Amino acid sequence: TQLLRAKPVPKRLGAPRRKKSEPHIASGLIKMIFSHYARMPVTRDTFKIVEKCSQRYFKQLSDDLEAYSSHARRKTVEMADLELLMRRQGLVTDKMPLHVLIERYLPLEYRKLLIPVAMSGNKVFPCE
Amino acid sequence: GRRRRMKRTAPRSTLRKIIKQHKPALRLAANADLLYESFLIFYFFPLLKVHLNFLLFLHRLAEEARTSAFENKSKIIKPEHTIAAAKVIKHFKY
């Protein structure tokens with residue numbers, strides 16, 4: 001009987017339900033990416049600021065994407081909108097084409113997807 | 001070296017949810033009737049580019065924070081360096 005009594009109560013039953021919060025990028029992921037690029041020690045409090053900045057970044061991004069697609073009289077964000085956005089942000093330039101950024105920043109499986117198909121995509125979708 | 005490699009999968013559904021939260025009417029190219037290839041281009045790729053943009057944003061923020069830390073002769077990035085960095089890049093505002 002002692003064994004039975006010692007049996008731990010399943011945690012999930014007792015735990016309060018997680019509040020449905022606003023969607024946000026996992027703090028662990030932000031932390032990992034930021035410290036990877038920072039290449040030097042980062043204090044713990046800093047990550048809170050980084051998270052706040054990220055939230056503001058997404059707000060800005062959403063506004064921009066809406067502006068771009070509605071300018072083209074669309075309700076849907078397309079690839080071209082993001083390329084235009086990155087051009088406006090000064091990330092994509094004549095000397096720094098998008099595919100170089102893709103090669104530099106995205107893992108191989110995404111690169112493979114984005115680069116060859118994006119090229120054939122130009123033929124399929126002349127609107128791009 | 002021994003440092004753990006950065007996890008690099010894009011949190012696509014989270015990205016979609018975030019944009020949806022800000023702009024409920026805005027859609028990120030979604031049309032399930034399309035052929036597989038077109039489906040990928042319209043549905044999957046814009047989100048990958050959002051992810052790419054987010055990485056570039058964090059890279060720029062980290063670089064600026066690093067610069068700010070160096071300027072203040074700090075060997076560690078503190079919140080104030082990041083706040084200064086955010087002011088410099090203005091969240092990619094133009």
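This briefing covers the contact between chain A and chain B and the packing of helix α4 of chain A. The model is predicted. Between the two chains, 65 residues of chain A are in contact with 63 residues of chain B. Helix α4 of chain A, residues 44–71, packs against helix α1 of chain B, and α4(A) also packs against helix α5 of chain A.

**Interface between the chains**
- About 6300 Å² is buried between chain A and chain B, and carbon and sulfur atoms give 72% of that area.
- Four salt bridges are counted between chain A and chain B.
- One salt bridge joins the side chains of R39(A) and E63(B), at 2.8 Å from N to O.

**α4(A) against α1(B)**
- α4(A) and α1(B), residues 12–22, pack at an angle of about 70°, and their axes are 9 Å apart.
- α4(A) is therefore roughly perpendicular to α1(B).
- The crossing of α4(A) and α1(B) is right-handed.
- On α4(A) the contact is made by Q55(A), F58(A), K59(A), L61(A), S62(A) and L65(A), and on α1(B) by L15(B), I18(B), I19(B) and H22(B).
- By class, this contact has six nonpolar, three polar and one charged residues.

**α4(A) against α5(A)**
- α4(A) and α5(A), residues 79–88, pack at an angle of about 120°, with axes 10 Å apart.
- α4(A) is therefore oblique to α5(A).
- α4(A) passes α5(A) in a right-handed crossing.
- L61(A), D64(A), L65(A), Y68(A) and S69(A) of α4(A) meet D81(A), L82(A), L84(A), L85(A) and R88(A) of α5(A) in this contact.
- By class, the contact of α4(A) with α5(A) has six nonpolar, one polar and three charged residues.

Definitions and conventions:
Residues are numbered from 1 along each chain as its sequence is written. Chains are lettered from A and ligands numbered from 1 in the order in which they are written. This is a predicted model: local features need pLDDT of at least 70, side-chain atom pairs count only at pLDDT 80 or more; totals for chains, interfaces and linings use all residues. Side-chain values use heavy atoms; hydrogens and water are left out. Axes are lines fitted to C-alpha atoms, for helices over the stretch in contact, and angles run from 0 to 180 degrees between N-to-C directions. Helices (H or I, at least four residues) and strands (E, at least two) are DSSP runs, numbered from the N terminus. Angles under 35 degrees count as roughly parallel, over 145 as roughly antiparallel, 65 to 115 as roughly perpendicular and the rest as oblique. A crossing is left-handed if the near helix is turned anticlockwise from the far one by less than a right angle, and right-handed if clockwise. Contact means heavy atoms within 4.5 Å. Ala, Val, Leu, Ile, Met, Phe, Trp, Tyr, Cys and Pro count as nonpolar, Asp, Glu, Lys and Arg as charged, and the others, Gly among them, as polar. Buried area is the accessible area (1.4 Å probe) that two parts lose on being put together, summed over both.
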